[in-house]
Amino acid sequence: MKHLGYIFIKFWVFVGLFCYYRKILVVGRENIPLEKPVLFLSNHQNALMDVMLLATRCHRKPWFLTRSDVFRNGFLKSVFSFLQMLPIYRIRDGRANLHKNRGVFEQCGQLLKAGEAILVFPEANHSLRRRVRPLSKGFTRIIHAALEHNPDLDLQLVPVGQNYAHPRQVGDSAAIHFGKPIAVQQYLNSPNFAANIMDEVRESLKRLTAHIPEEGYGAVTQKLGEEGEIYLQPERVNSMIAETGVETIPAQRSNPAHKINRVLFALWNLPLVVLWRLLLKPKVPEPEFEATFRFGFVLVAYPFFYGLCGLILWNMYDIKTACLFILGHAVFNVFLVKLGITSAVQRK
């Protein structure tokens, strides 16, 4: 029953992501080992959207390390445990709690020994800035825990670059780039084991992510734009920065057609748009969580909205009319999202 529940939730989220995003590109999925223990190491830009996109598109059933403060609510703790989430404790959660990480790392080691997959965000924080931030040593402790009881474990590290065009908007586009797996065993006899692995992972993430160095960040985004589908191509962006220089990057211009689609989308979904903007959006704690809150709202609100509309139309007309309205409304929504409702930009 638990397995069926997990499959249902995963399918629900998968469909929701398909409807929410204009497109989701997956590159390098063939790099994921299917029969070996895997530690996915991803950059972290877009809060729980990063988790859900990877969970539904990596062809594994990963466990997730999640900030411990979300486990304080008893109900949510049960939900997150059901979804294979494990708490990780940070300094901001209190130094007295840091010792609990030992048990978590030990549990991760046992999971990897059993051939499971675990997702870790080694930056240990999230940010919408398009660059790879310094990595925490936490994931190397998980590796040590896994090798402590099984030194011959064929553990594979799979770096993941997640890139978004318009990360705070509905109708965004996302690209997930899976890098070549890194075999931990090749570093086992290195005198600087942890440092060498961190360097390799960091360089891989920089290649898989649109990585704009801190120095000159503003100049690059001024040319490329703060947002845009060009960021779905990290190799291209990084090459432009490294080879051509910021001053030669062509400027971009907006596409007015997407503004029309956005107005149509807002009018077509006016009750839910008003509810979101007036009641829920002001409660978003950080910009990085805006997409997560909106997507959660979409997953819950639309089934209720369509159910209510269906009941009203069924009582007023018949079941056929109710079903046609729900289907038509949903299909037109998906059409607008896929057509493009974000303020996309085009190269001049």
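A: Let's start with Arg22, which is partly exposed, with a relative accessible area of 24%. On this scale, buried means under 20% relative accessible area, exposed means over 50%, and partly exposed lies in between, using a 1.4 Å probe and protein chains only. Bear in mind that this is a predicted model, where local features need pLDDT of at least 70, side-chain atom pairs count only at pLDDT 80 or more, and totals for chains, interfaces and linings use all residues. Residues are numbered from 1 along each chain as its sequence is written, and side-chain values use heavy atoms, leaving out hydrogens and water.

Arg22 has a partner: it forms a salt bridge with Glu229, and their closest N and O atoms are 2.5 Å apart. A salt bridge here is a side-chain nitrogen of Lys or Arg within 4 Å of a carboxyl oxygen of Asp or Glu. This pair ties together distant parts of the chain, 207 residues apart: Arg22 sits in the loop between helix 1 and strand 1 (23-27), while Glu229 is in the loop between helix 7 (217-224) and helix 8 (234-244). Helices (H or I, at least four residues) and strands (E, at least two) are DSSP runs, numbered from the N terminus. As for the general idea, side chains of opposite charge can pair when their charged atoms come close.

By this rule the count comes to eleven salt bridges, so there are others to visit. Take Asp154 and Lys36, whose closest N and O atoms are 3.0 Å apart. Again, distant parts of the chain are linked: Asp154 lies in the loop between helix 5 (138-148) and strand 6 (156-164), Lys36 in the loop between strand 1 and strand 2 (38-42), 118 residues apart. Asp154 is partly exposed at 30% relative accessibility, and Lys36 is partly exposed too, with a relative accessible area of 35%.

Now hop over to Glu290, which forms a salt bridge with Arg168, the closest N and O atoms being 2.8 Å apart. Glu290 belongs to helix 11, and Arg168 to the loop between strand 6 and strand 7 (173-178), 122 residues apart. Glu290 counts as buried, at 6% relative accessibility, whereas Arg168 is partly exposed at 35%.
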